[in-house]
Amino acid sequence: MNYSVRRLFNFLICLGLVFSLIIFSLLSLPLASQDVIPPKKNEIRGVWLTNVASGVLYVPWGINRALNQLETVKFNTVYPVVWNRGYTFYNSKLAKQVTGRTAEPLLRLLHFGQDVLQQIITLGNQKKLRVIPWFEYGFMTPSNSSLARFYPHWLTIENSGEKTILHGPQELIKISSGDFRIRQFVRRFFRQEAWLNPLHPEVQSFIKGLILEVVQNYDVDGIQLDDHFGMPVTFGYDEFTIKLYQKEHQGKSPPNNPSNPEWMRWRADKITAFMAEIAKDVRSIKPNIVISLSPNSKYFAYKNYLQDWETWVNKGLIDELVIQVYRHNKTDFMTELKQPALKSAIQKIPVGVGIFTGNPQTPIEIKQIREQVEIVRQTKFNGVSFFYWETLWGYMTPEPPKQRRKNFLELFSQ
C-alpha cells in the first residue's frame, strides 16, 4: 500500500472514530420528553428555617451546616424566622422596649448574645443565597406572652368574649367549634393563641416597627409575611374595633355574625390599608427590596383570616407570592394550582409554591416531593419553597439523608 493510499485509509478510520464518538454522545444524552419541564430562569428554590420542631437555629453549628448543604444542592433562597411566639429572632431594640426581651431567650443563651440573623446574612451572602427574613407569627401571640400580659388592650376578641383561638391542625379546629364541652376540652389540652388587633394603631406601630427595623439595620434581600398576617374572622369584637366601626357606621354596632359580608369586608379593607403603609415605608428605605407573602389559598385566607391577598397583588403591595399548598393527594395539589387568583397573580409577579416536606408525625417520601416540584414546573410557576429545613434531609425523613440530598441535587441541577 503506497503512502497516499495509507493516508487516505488512516483518515477514513479517524473519521469513523469521530463519527462513532458523536453518535455515542448523542445516545448518552437524556431523551427529550414533554413530561420533563426545565425550570424557569431565576427559579425560586427556597426553604423556611423555623424554630418549631427544629434545632437548626439553636445548635451552634446548625446554621453553617444548613447553609453549606443548601448551597451544595443548589438552593438559592432561605426564609429564616425573625418573629415567632412573641419573640424576635434577631437582636431588637424595639422588642426590648416593648417586651423587655432583646430576642428569644434560649437563642441568645446558646449563641452567647450574638445576632443569629446577622450570622445567616453573612454566610448567605458568601453562598449566594437570598436571605428573606420571615415574620411567621404576624399578629398571633401566645396567650401567656409578654405582649398579651403587658398590653391586654392590644388584643382582639370573639363576640362571646373568648380571647384565644386554637392553633393547630384543621381537624382539631373543626372539633373545637362544636359542642361547648368538647370545645373546652380541646382548648385545655392544645395550644391557645391570642391575636393582636391589626386595626389598633399601637399594634400597627409595633409590627411595622419590627419590619422596618430589620429592613433598615440588615442587608436583607426582602421580608416575608405569611398567613398569620390578618385576623381570624371570629375576632374583631374588642372595644377599640367596635368603637371604630360605630364611628364609621353612624353609631351602629358590628353584626353578631362574624361572617357577615359587609363586616368581613370592612375589617379586610383595614388590614389592606395597613399592608399598603408597610409597603410604602419599606420601599422608602430600600426601593428594590422584595416584599414577599406566603398565604393560604385566596378563598381560605379571606374566609378564615380576612387576608385579601389578591387585592394586595393587584395594588402592587407585594413583589413575590409563595402560596402554601400542603396537600398529599396529587389531584388536590393540582386543583389548588389552577385557582384563578393564582393564574392572575403569576401574570404580575413571581409566584412560587410552598411544598410540605413533612414533620415528626407526618414524614413525606421524596417521591411525592419530586412529583410536586415537577407539577409546579409543568404549570409554569416561578419556583418552590419547602416547609421546612429539618425535613428536607434530616433525622425525621423516610429515606437516608444522603439519598434525599441526591434527589434535590438532581431536581436543581437541570
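Let me begin with a term: a residue is buried under 20% relative accessible area, exposed over 50%, and partly exposed in between, using a 1.4 Å probe and protein chains only. This is a predicted model, in which local features need pLDDT of at least 70 and side-chain atom pairs pLDDT 80 or more, while totals for chains, interfaces and linings use all residues. Residues are numbered from 1 along each chain as its sequence is written, and side-chain values use heavy atoms, without hydrogens and water.

At 0% relative accessibility, phenylalanine 139 counts as buried. Phenylalanine 274, with a relative accessible area of 1%, is buried too. The two form a tilted aromatic pair, 6.2 Å centre to centre with 50° between the planes. Here, rings of Phe, Tyr and Trp (its six-membered ring) pair if their centres lie within 6.5 Å; planes under 30 degrees apart are stacked, over 60 edge-to-face, and the rest tilted. Because phenylalanine 139 lies in the loop between E6 and strand E7 (140-142) and phenylalanine 274 in helix H11, the pair ties together parts 135 residues apart in sequence. Helices (H or I, at least four residues) and strands (E, at least two) are DSSP runs, numbered from the N terminus.

A second tilted pair joins phenylalanine 408 and phenylalanine 412, at 6.4 Å centre to centre and 45° between the planes. Both lie in helix H18 (residues 401-412), 4 residues apart, about one turn of the helix. Phenylalanine 408 and phenylalanine 412 are both buried. Across the whole structure, a search finds 31 aromatic pairs.
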